[in-house]
Amino acid sequence: MQSFHIGRQGDIDSLERELHADPTPGKGEILVRVRASSLNYRDIMILEGRYGRVPFIPGLIPLSDAAGEVVAVGEGVTRFRSGDRVALTALPRWLAGKITPEVLINQPGANRPGVLSDIKIVQEDALVAIPESLSFEEAATLPGAAVTAWVAVGHVRPGETVLVQGTGGVSLFALLFAKSAGARVIATTSSDEKAERLKVLGADTVVNYQREPEWHLAVREATGGRGADHVIEIGGTGTLERSIQAAAMAGHIELVGTLAGGGSLDAAAFARNIVTIRWASVGSRTDFEAMNRAIAVHRLQPVVDRVFPFAEARQAYRHFQSRSHFGKVVIRHDD
């Protein structure tokens with residue numbers, strides 16, 4: 001079996017390939033042949049030693065998002081059988097309901113072995129069936145970015161306006177889900193080329209923040225002064241103040257990431273607008289399954305920027321770190 005390990009933080013070249021014997025699933029467990037995995041910003045934070053939600057354990061196999069097929073089942077398994085196509089949940093202990101501290105204890109790729117491996121043994125409860133219309137590479141993009149976007153736009157209603165930032169996985173999934181819900185989407189990006197691709201995906205208005213650094217004013221203009229009902233905030237403190245100014249009165253801001261970094265938030269920004277700010281985390285297995293039903297009904301296709309062979313996992317990390325991608329960066333395991 002082939003797998004990659006993170007030997008120490010902050011060093012991509014510490015990813016090493018090793019061989020292991022195929023394990024046998026125990027009671028309630030399933031052996032999955034991993035066909036593809038994908039990267040999230042969380043994985044870069046872990047690699048660079050900036051992920052503080054759980055202690056990082058050096059030497060673990062990285063990544064949390066993957067799809068593959070069932071090759072063996074242990075005693076008592078009833079949810080899946082050999083040959084089923086499945087994806088792994090990002091938080092294996094979160095089956096339904098609200099998130100709890102116990103859910104965060106087990107995080108593959110951070111404090112538990114991840115999925116950048118040929119095979120993976122998981123509890124049957126930590127798997128979901130993937131839509132028939134998706135390839136393994138497309139399905140591997142779902143556990144983190146897609147489910148987070150699904151939770152973030154879950155309360156969007158037809159006719160409302162959703163603002164998405166950039167062209168990463170969460171933002172593009174949010175765009176697709178918002179459009180399928182009947183919402184109007186405004187997107188921000190850094191280039192005309194990406195702007196055109198966003199329009200092809202369904203964005204109604206695109207703002208180039210390189211040319212319009214005061215992009216919140218452009219959002220207000222595009223909405224007749226009202227602002228966006230929902231903002232998918234990717235930048236964190238670096239862009240949050242503008243997001244507040246771009247939001248409609250009583251709007252919702254879903255705080256997903258901290259890509260912009262730096263900056264500080266002027267408390268007066270809250271006095272200029274009344275908004276609800278919520279940290280949007282990845283969802284439960286129940287959320288994942290509901291999202292997959294929506295993907296199947298609306299025939300949605302994940303946006304994959306580039307697929308790397310397993311032997312080029314280092315290059316996949318570097319490409320993701322460059323932030324030049326449009327959509328998800330995927331690693332194919334069966335090359």
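Tutor: V86 stands opposite A129 in β7. This is a predicted model, where local features need pLDDT of at least 70 and side-chain atom pairs count only at pLDDT 80 or more, while totals for chains, interfaces and linings use all residues. Residues are numbered from 1 along each chain as its sequence is written, and side-chain values use heavy atoms, with hydrogens and water left out.

Student: In what sense do β5 and β7 pair?

Tutor: Antiparallel, over 3 bridges, with β7 covering residues 127-129. Two strands pair if DSSP finds at least two bridges between them. Strands are DSSP runs of E with at least two residues, helices are runs of H or I with at least four, and both are numbered from the N terminus.

Student: What about β4 and β5?

Tutor: Strand β4 (residues 65-73) and strand β5 (residues 85-88) are also joined by 3 bridges in the antiparallel sense. There, A67 stands opposite A87 in β5.

Student: Which strands make up the open sheet, and in what order?

Tutor: The 6 strands run β10-β9-β8-β11-β12-β13, with parallel pairing. The edges are β10 (205-208) and β13 (275-279), each pairing on one side only. Within it, β8 (residues 161-165) and β11 (residues 228-233) are joined by 3 bridges, and V162 stands opposite H230 in β11.

Student: Which strands does α4 lie across?

Tutor: Helix α4 (residues 169-180) lies across β8, β9 (184-189) and β11, at about 165° to β8. Angles run from 0 to 180 degrees between N-to-C directions, and axes are lines fitted to C-alpha atoms, for helices over the stretch in contact (heavy atoms within 4.5 Å).

Student: Switching to helices: at what angle do α3 and α9 cross?

Tutor: Roughly 85°, with the axes of α3 (residues 142-152) and α9 (residues 285-298) coming within 10 Å. The two are therefore roughly perpendicular (65 to 115 degrees). Among the residues making the contact are W150 of α3 and F288 of α9. By class, this contact has 11 nonpolar, 1 polar and 1 charged residues. Nonpolar covers Ala, Val, Leu, Ile, Met, Phe, Trp, Tyr, Cys and Pro; charged covers Asp, Glu, Lys and Arg; the others, Gly among them, are polar.

Student: Last topic. What lines the second largest pocket?

Tutor: It has 22 lining residues, and P113, K120, I121, V122 and Q123 lie nearest its centre. Strand β6 (residues 119-123) gives the largest share of the lining, 5 residues.

Student: How does that lining divide by class?

Tutor: Into 12 nonpolar, 6 polar and 4 charged residues.

How values were computed
Parallel < 35°, antiparallel > 145°, perpendicular 65-115°, else oblique. 1 Å grid on protein atoms, 1.4 Å probe; cavity = no way out; pocket = protein on both sides within 12 Å on 5 of 7 lines; lining within 4 Å.
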